[in-house]
Amino acid sequence: MTACHEAAACTAVSRALHDLGWEGQVEEAKTFARRLAGFVVLPATVGAGRARILVFPRCRSVHTWFMRIPLDIAFVDASGHILARHDGVMPWRVLSCSAAAFVIERPSALLALSARGGAGTIFGKNKKLA
């Protein structure tokens, strides 16, 4: 992961990624431009086909306007507990979670399965966690 502002934030992100089972190149979207652009301009993979994972600190709401691909999105509290997880979120959606401290996004894993002939065009349902 690119440099975290605080050790506690890095720990929370690591915990959430572990609980989600997500692996890839983790990058923090710190600047306004990076947060606004997200996966609209960034490629979904980096190096050897590793998935790019974006972390949006101090974030409670995200949009998928202008996205080219579906995303998996998780809202996480400051301790790294997953508050809500949405898989296969299609373009032109807005999601929010008022209790979130940060949001983690990745290209949908179901998209990757589709590319390998696994899941076709069926995407996962959104899930709200307790």
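Mentor: First, a rule: two strands pair if DSSP finds at least two bridges between them. Helices (H or I, at least four residues) and strands (E, at least two) are DSSP runs, numbered from the N terminus.

Trainee: And what sort of model is it?
Mentor: This is a predicted model, where local features need pLDDT of at least 70, side-chain atom pairs count only at pLDDT 80 or more, and totals for chains, interfaces and linings use all residues. Residues are numbered from 1 along each chain as its sequence is written, and side-chain values use heavy atoms, with hydrogens and water left out.

Trainee: OK. In what sense do β5 and β6 pair, and over how many bridges?
Mentor: Antiparallel, over five bridges; β5 covers residues 71-76.

Trainee: What's the overall layout, then?
Mentor: Three helices and nine strands. From the N terminus on, the order is α-β-α-β-β-β-β-β-β-β-α-β.

Trainee: How much of the protein is buried?
Mentor: Of its 130 residues, 43% are buried. Buried means under 20% relative accessible area, exposed over 50%, and partly exposed in between (1.4 Å probe, protein chains only).

Trainee: Why is β6 called largely enclosed?
Mentor: Because seven of its eight residues, in the run 82-89, are buried.

Trainee: What does the largest nonpolar core look like?
Mentor: It has 18 residues. F56, V62, L71, I73, F75, L95 and V103 have the most contacts inside it. A nonpolar core here is a set of buried Ala, Val, Leu, Ile, Met, Phe, Trp, Tyr and Cys residues joined through side-chain atoms within 4.5 Å.

Trainee: Switching to charges. How many salt bridges are there?
Mentor: Five. The cut-off is a side-chain nitrogen of Lys or Arg within 4 Å of a carboxyl oxygen of Asp or Glu.

Trainee: What does E27 pair with?
Mentor: R52, at 2.5 Å, N to O. That pair links distant parts of the chain: E27 is in β1 (residues 25-28) and R52 is in β3, 25 residues apart. E27 is buried at 9% relative accessible area, and R52 is buried at 8%.

Trainee: And R106?
Mentor: R106 forms a salt bridge with D72, with the closest N and O atoms 2.9 Å apart. R106 lies in β8 (residues 102-107) and D72 in β5, so the pair ties together parts that are 34 residues apart in sequence. R106 is buried at 11% relative accessibility, and D72 is buried at 1%.

Trainee: Where is D87, and is it buried or exposed?
Mentor: D87 is in strand β6. At 6% relative accessibility, D87 counts as buried. Its side chain meets that of R85 in a salt bridge, 3.0 Å from N to O.

Trainee: What about aromatic pairs, how many?
Mentor: One in the whole structure. The rings of F66 and W92 have centres 4.8 Å apart and planes at 65°, so the pair is edge-to-face. F66 is in the loop between β4 (61-63) and β5, and W92 is in the loop between β6 and β7 (94-96), 26 residues apart.

Trainee: What are the cut-offs there?
Mentor: Rings of Phe, Tyr and Trp (its six-membered ring) pair if their centres lie within 6.5 Å; planes under 30 degrees apart count as stacked, over 60 as edge-to-face and the rest as tilted.

Trainee: Are F66 and W92 buried or exposed?
Mentor: F66 is exposed, and so is W92.

Trainee: Last topic, cysteines. How many disulfides?
Mentor: Zero in the whole structure, counting a pair of cysteine sulfur atoms within 2.5 Å. C59 is buried at 6% relative accessibility, and C97 is buried at 10%.
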